Amino acid sequence: MQLRPIAALGALILAAGLAAPSGPAAAAGDTIVFGSPVSLTGSLTKEGHLTQEGYELWKNYVNAHGGIKVGGKTYNVDIKYYDDESKNDTSAQLAERLIDQDHVNFLLGPYGSGTSFTVAQIAERKKIPMVEGNGAAEKIFNQGFKYTFGVLSPARRYLEGILQMTKAQKPPAQTVGITAASDAFSQEVAQGAAAWANANGMKVVYNNKYPDTATDVSSIISALKATNPDVILNAGHLQDALLVQKGLKEQNVMAKAYGYSVGPDTPDFASSLGKDANDVFGGAQWSDAVKYKGAPGFYQTAQEYAKAIDAAYHHRADYHNAESTAACLAFQYAIQKAGSLDTEKVRDALAKLDVTTFYGIIKFDSRGINLYKPMVVNQIQNGRLTTVWPALTADGKPKYPAPPWGQR
Amino acid sequence: MHLFAQDLVNGILAGGILAVVALGFSLVWGIMNIINLAHGAFLMLGAYLTYQLFASFHVDPFLSLPISFVVLFALGYLIQTYLINWVARAPILTIFLLTFGLSLLMVNIALIVWTGDQRGVTTAYSGANFTIADVTVPWTKLFTLLAALAITGIMQLWLTRSKTGRAIRATSMDIGAAQLSGVRVAHIYAIVYGLGAGLAGVAGTLISLSYAVNPGMGDPFLIKAFVVCVLGGLGSVEGALIGGLVYGIVEAFATQLDFTIGTQHISGSGLQDAIALVVLLIVLIVRPTGIMGKATA
């Protein structure tokens, strides 16, 4: 009696196994299949969803405009996702599954440097090209990997723009205090900011880290406050940016400028904090104010792209959207150039890619990272994200110094 | 000296919240011998409930404390009665997996209902603070601590004075004897699990004032609840309070620690978790039952 349900279950599993598609599903029915393990749950859920939106927008555009031409034949595109729960190991396992079981042609990156790093190792081992738009730690690109390409400016440059901007003010900012999460990306961001400050005559008066799982950062903020810096920078992600910004107000920490690597650019920052989000700076890979004229084959300007994101997802385009779409575009142009879906040929085409898009230049150095596109600085002014640096792309002037808490 | 005092205050304020987080977890573990992996998810639901009441109806987070408690208590009571009781006699791993599954279910439902966006409960008085002798104290965190102390006090009184409270303690001491004395164990278990969930909900409400609300927010707190529980001693109200405060203070001071091993400069602030765990290890060596724990028969 006891055995019957188990046997039935066994039969069911067997049947499911037999019914599952076997052999290469890739490019079946003239479709190019991309795979991406992405943070749909876990601590990076929000960023993961923005990544997915960026991918989906591209997919829908391409499929609606006749697909991608590869050597005289047109292909539609499809993207297969798995939820990596924002965990590095899970992301790698899922990448392996995408390659071995789902037989995807190419990989699009997960969200975050930690996951991108573990997935890059799988891409390398399986010799499947991956373009990622959300892992900016240079650690990923210093391993000699041949199959991983990143469309973003590296982590160390995230907060440079904010420092340049504060140094250009009158009187210029002189001291900097940095708090950073302990993950690889945030650490590189903090090191980059400190190095830039030291090389450019600014003094780093505080530079310390907290665990990336921290639920309370008040003691770090107390120590930071004691050093009284002109510029307060945080290298981290959205969740800790919110925690830090609330903590700074709770302890009444006054600085001339507050800057974050990730946070202000995502609408949640302003919606969660209300007026307390005002006058904060964020380093960004892209903003809808940038003025590039892209190659044909996709939306050619940042403004057209922003309109499309708004129509599809009813929110303002965020740089996570843009950099994710840019990763797809790198594949689109490289595949067209290669005229083939052969992984080696596409890899070589990616390595030689040099194209301007709505997002900026996509071109990789010998390590596979994009050193050719500058970062921008945004500031939340009266609840609205305004691009304030570099002056050439700016659609507003930086508000500096920040008024005291309670007057924002 | 000023930083020392500030850190002490920071630690106590953070520890008060951890005490409430750990309290419900500790009761369920100590009395029912269930390591409730859904505790973090209950906390998350409490936080979302607070957020939703605040965003839609402008209900002050402190006023939504009883609402979180009642709603989560009811949810916990139902889960225990209709799910966990079914597997009460199954091996411990089954219950472990069940609570884990429930946690995944709740997190994913939250993801569908509220999406992955980070939400915040930012009140008009959020961030308001006062300063005594160079030490800054944020009002919200002070009230949070007071609420935590009040909740702990009420729980302690209720467990020792009320009839149900005594039945709960009797059940935890000896199920057989309790049953013989007329205690309905299934009902008591449902109440305890409900209490655990309700207290998690209350903790979620308090946390929503300083921490971003998102579907995965319960995870780091679940881990801390585990440590605080073992540190303070299982199943005791005072244990959760003392454990929470010790953990909070240790973390606060760990942040300021700087030391050099050989040529390697090490900053304590990235190692808060590790340092807190070392303290746990030391406590377990010196007092294996936790700071306030009693040896069991």
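In chain A, strand 12 (residues 354–357) and strand 13 (residues 360–363) run antiparallel and are joined by four bridges, where helices (H or I, at least four residues) and strands (E, at least two) are DSSP runs numbered from the N terminus, and where two strands pair if DSSP finds at least two bridges between them. A hairpin of two residues leads from strand 12 of chain A to strand 13 of chain A, and Asp354(A) stands opposite Lys363(A) in strand 13 of chain A. The model is a predicted one, in which local features need pLDDT of at least 70 and side-chain atom pairs count only at pLDDT 80 or more, while totals for chains, interfaces and linings use all residues. Residues are numbered from 1 along each chain as its sequence is written, and chains are lettered from A and ligands numbered from 1 in the order in which they are written.

An open sheet of chain A is formed by six strands in the order 2-3-1-4-5-6, with mixed pairing. Strand 2 (68–70) and strand 6 (148–150) of chain A stand at its edges with a single partner strand each, so one side of each is left without a neighbour in the sheet. From one strand to the next, the twist averages 30°. Within this sheet, strand 1 (residues 31–38) and strand 3 (residues 73–83) of chain A run parallel and are joined by eight bridges, and the bridge partner of Val38(A) in strand 3 of chain A is Asp83(A).

Two helices of chain A lie across strands of the sheet, with contact taken to mean that the C-beta atoms of two residues, placed from the backbone, lie within 7 Å. Helix 3 (residues 88–100) of chain A lies across strand 1, strand 3 and strand 4 (106–108) of chain A and runs at about 165° to strand 1 of chain A; axes are lines fitted to C-alpha atoms, for helices over the stretch in contact, and angles run from 0 to 180 degrees between N-to-C directions. Helix 11 (residues 319–338) of chain A lies across strand 2, strand 4, strand 5 (130–132) and strand 6 of chain A, at about 30° to strand 2 of chain A.

Chain A is divided into domain 1 (25–156 + 289–363) and domain 2 (158–285 + 375–389), with bounds that come from an automatic or database domain assignment. Taken over C-alpha atoms, the centres of domain 1 and domain 2 of chain A are separated by 29 Å. The contact takes 24 residues from domain 1 of chain A and 20 residues from domain 2 of chain A. On the side of domain 1 of chain A that touches domain 2 of chain A, helix 2 (45–64), helix 4 (113–126) and helix 11 of chain A each supply at least two residues.

Between the chains, 36 residues of chain A are in contact with 36 residues of chain B. Helix 8 (238–250) of chain A is one of the elements that each supply at least two residues of the side of chain A that touches chain B, and helix 8 of chain A gives the most to that side, with seven residues.

In chain B, the axes of helix 2 (residues 39–57) and helix 3 (residues 65–82) come within 10 Å and cross at roughly 140°.
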